[in-house]
Amino acid sequence: MNSTELLCNLRAVAAEAAAIVLEVYEAPFDVEYKRPSDPVTAADKRSNAHICSRLRDLYPDIPIVAEESDPSTFADYRDAHQVFFVDPLDGTREFVARNGEFVVMIGLLDGDRPLAGVLHAPTTGAVWSGYVGEGATLTRADGSETVLEVSAGAALDAARLLSTRSHRSEHLERALAKLQAGQVDALGSAGLKCAAVAEGSAEAYVSPGRAGSRWDLCAGEAIVVAAGGRVTDAHGSPIDYRAESLVNTTGIVASNGHVHDAIVECWRDV
């Protein structure tokens, strides 16, 4: 698969979905709940339907694991060599809170590892994209482009770390305090946290426990790795995108690579 053509297609699909999301965002909208504290809106559903339809037209042989799709539509995805993971609106709580911290995410798994990813922020028009082995870029709304590279910071006590804004708990606060990092900031959207690591404005995105699902991470992992970083669970093991469960139950560490082992070591008994 040609990397240039793939990323061009994924950016186009993500931009179309971002326009749908923004249309809903700029008008009154209703909020439903799939589970307590798990909101869903028309933006999630419409974006999901559009992305899946477009990807099926472009790549009919690649299954699509999308958050708002019926699981029956991707029941056999583990048998496929390549799989799309789609979060049509990563950061729905932030969308509902109207703080702008949400993105459209499309990632491609190749074998066991994410190969390519695109994140599109509807409120700013910023697009992060990456292809592992070929690099990552940030394209702004004005068309200007920057090559992404993770930071060189190697000292955890001077590092800026990012953690969830919406899913705070005593366990999380204790785990973050144990790291004794230079700075820990809260930010909505797993995708935006991965983007910050890829562009070098943060040394790591960290979560010691349950942290969303595979569609929350695939695109972000591809971009972080393409920018020179590293992504594992909180124990230092690769994320298993073909596991029986789609939930990230064992945490996430997405880093510049230099502070990675120190974070995992700190959390060995968390």
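Here is a walk through this structure, from its aromatic rings to one of its sheets.

A word on the ground rules: this is a predicted model, in which local features need pLDDT of at least 70 and side-chain atom pairs count only at pLDDT 80 or more, while totals for chains, interfaces and linings use all residues. Residues are numbered from 1 along each chain as its sequence is written, and side-chain values use heavy atoms, with hydrogens and water left out.

Let's start with the rings. Rings of Phe, Tyr and Trp (its six-membered ring) pair if their centres lie within 6.5 Å; planes under 30 degrees apart count as stacked, over 60 as edge-to-face, and the rest as tilted. By that rule there are eight aromatic pairs. Take Y59 and F84: their ring centres are 5.5 Å apart and their planes meet at 50°, so this pair is tilted. It ties together distant parts of the chain, as Y59 sits in the loop between α2 (42-58) and β3 (64-66), while F84 belongs to strand β4 (residues 82-90), 25 residues apart. (Helices, H or I with at least four residues, and strands, E with at least two, are DSSP runs numbered from the N terminus.)

Are these two buried or exposed? Buried means under 20% relative accessible area, exposed over 50%, and partly exposed in between, using a 1.4 Å probe and protein chains only. Y59 has a relative accessible area of 12%, so Y59 is buried; F84, at 0%, counts as buried too. Next come Y77 and F85, with centres 5.9 Å apart and planes at 85°, so that pair is edge-to-face. Both Y77 and F85 are buried.

Elsewhere, ring pairs link Y25, F29, F95 and F102 into a cluster. R98 lies over the face of Y25, 5.5 Å from the ring centre; a charge sits over a ring if NZ of Lys or CZ of Arg is within 6 Å of the ring centre and within 35 degrees of the ring normal.

Now for the sheet. Five strands form an open sheet in the order β11-β10-β12-β14-β13, with mixed pairing; two strands pair if DSSP finds at least two bridges between them. At the edges stand β11 (183-187) and β13 (230-232), each with a single partner strand, so one side of each has no neighbour in the sheet. Strands β12 (residues 204-207) and β14 (residues 252-255) run antiparallel, joined by four bridges. V206 has V253 in β14 as its bridge partner.
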